[in-house]
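Here is a short briefing to read alongside the sequence and the model. Please keep the 3D view open as you go through the points.

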Amino acid sequence: MKIGLALGGGGVRGMSHIPVLQAFDELGLKPHAIAGTSIGAILGAGYASGLSGSDLRKIALDLFSDRNKTLGHLWKLRPKRLADLWSGANVVFDPVKVLEIFVAEHLPDHFEDLDIPLTVLATDFYGCQEVDISSGPLLPAIAASIAIPAVFRPVKRQERILVDGGVVNPLPFDRLPEDCDIVVAVDVVGSPVPRPDRHLPSSFDAFFGTSQILMQTITQEKLKRRKPDILLQPEHDLIRVLDFMKTPEVLEKAEPLRKEAIRQLDLLLSNEKYQSSL
């Protein structure tokens, strides 16, 4: 059976992809193809390169369990001049440098070096359209996919200015090859959750909460036309999109996804085997 795996965007909530990848490993399954948006592109690339779900879990915990170590990495990304902090195109972080510091050592240089075909989703800012990248240099493509506006600098690729793929396709199950027999999609966008200590959302919560609403709307419209065979979603919670220091908590909360993925995959594959034997 050819299984397509779509990994959506959602900031630190995307760490919930890891238990699903561990479920594939436990069942001895290898995806036929992977499509990823934003953090789904990062983890999809790691998995497609040959890293196991457990490998990715260890790397994530190593990166974000030690606050001092993480701050040390972030210090390397600081602007050289204070004036660069919020000035025009020089937005806070260069996504290519972020990837070079945090994950580049774990990834190959090109898509062609991956064990599993991968499609990474980005958005053409001025062209107002989706861009699917599946060949060439890997790191710049992932950088474009994670380039959240107002957080990361846009990425220039082939005369296009690219930003976060979640703007146009937060859950790219529709970008998997047509020959996939089974499509598994992991939606980690989440939705705004009221904070018990606030009557109104903060400016930060309002900005990212609005983005969640827009991305959920896109996904819901897509689901009206076509649905993946398996759709997995972690529970919504109060963890902020960029609070990567809560990676251990996200992984713990997402553990039920591993069991649910195993249950649904086992059930679906058993049914397919039964049907094929008739």
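Predicted model: local features only at pLDDT ≥ 70, side-chain atom pairs only at ≥ 80, totals over all residues.

Residues are numbered from 1 along each chain as its sequence is written, and side-chain values use heavy atoms, with hydrogens and water left out. Helices (H or I, at least four residues) and strands (E, at least two) are DSSP runs, numbered from the N terminus.

**Strand β3 and its partners**

- Strands count as paired if DSSP finds at least two bridges between them.
- β3 (residues 118-124) pairs with β4 (residues 129-133) in the antiparallel sense, over five bridges.
- Within that pairing, alanine 122 has valine 131 of β4 as its bridge partner, and threonine 123 has glutamate 130 of β4.
- A hairpin is formed by β3 and β4, with four residues between them; in the turn, cysteine 128 has a positive phi of about 55°.
- β2 (residues 33-37) pairs with β3 in the parallel sense over four bridges, and here glycine 36 stands opposite valine 120 of β3.
- β6 (residues 160-164) pairs with β3 in the antiparallel sense over three bridges, with leucine 162 of β6 as the bridge partner of aspartate 124.

**How enclosed is β3?**

- Seven of the seven residues of β3 are buried, so the strand is largely enclosed by the rest of the structure; buried means under 20% relative accessible area, exposed over 50%, and partly exposed in between (1.4 Å probe, protein chains only).
- In a regular strand, side chains alternate between the two faces of the sheet.
- Both faces of β3 are covered: Leu118, Val120, Ala122 and Asp124 are buried on one side, and Thr119, Leu121 and Thr123 are buried on the other.

**Two helix pairs**

- Two packed helices are described by the angle between their axes and the distance between the axes. Axes are lines fitted to C-alpha atoms, for helices over the stretch in contact, and angles run from 0 to 180 degrees between N-to-C directions.
- α1 (residues 17-27) packs against α3 (residues 53-64) at an angle of about 150°, with the axes 7 Å apart.
- α1 and α3 are therefore roughly antiparallel to each other (angles under 35 degrees count as roughly parallel, over 145 as roughly antiparallel, 65 to 115 as roughly perpendicular and the rest as oblique).
- Contact means heavy atoms within 4.5 Å. On the α1 side Ile18, Pro19, Leu21, Gln22 and Asp25 take part, meeting Gly53, Ser54, Leu56, Arg57 and Ala60 of α3.
- The residues of this contact of α1 with α3 divide into five nonpolar, three polar and two charged; Ala, Val, Leu, Ile, Met, Phe, Trp, Tyr, Cys and Pro count as nonpolar, Asp, Glu, Lys and Arg as charged, and the others, Gly among them, as polar.
- The axes of α2 (residues 39-48) and α6 (residues 138-146) come within 8 Å and cross at roughly 150°, and α2 and α6 are therefore roughly antiparallel to each other.
- Ile39, Ala41, Ile42 and Ala45 of α2 meet Leu138, Ile142, Ser145 and Ile146 of α6. The residues of the contact of α2 with α6 divide into seven nonpolar, one polar and no charged.

- Glutamine 22 lies in α1 and counts as buried at 11% relative accessibility. Not counting residues up to four places away in sequence, glutamine 22 touches Gly53, Ser54, Arg57 and Arg258.
- Threonine 70 belongs to α4 (residues 67-75) and counts as buried at 5% relative accessibility.
- Leaving aside neighbours within four places in sequence, threonine 70 is in contact with Leu63, Phe64, Phe102 and Met245. The side chain of threonine 70 reaches the backbone oxygen of leucine 63 at 2.7 Å.
- Arginine 226 sits in the loop between α7 (203-225) and β8 (230-232) and is partly exposed, with a relative accessible area of 31%.
- Arginine 226 touches Phe173, Asp174 and Val183, not counting residues up to four places away in sequence.

Key
Polar contact = N/O pair within 3.5 Å; in protein donor to acceptor, adjacent residues only side chain to side chain.
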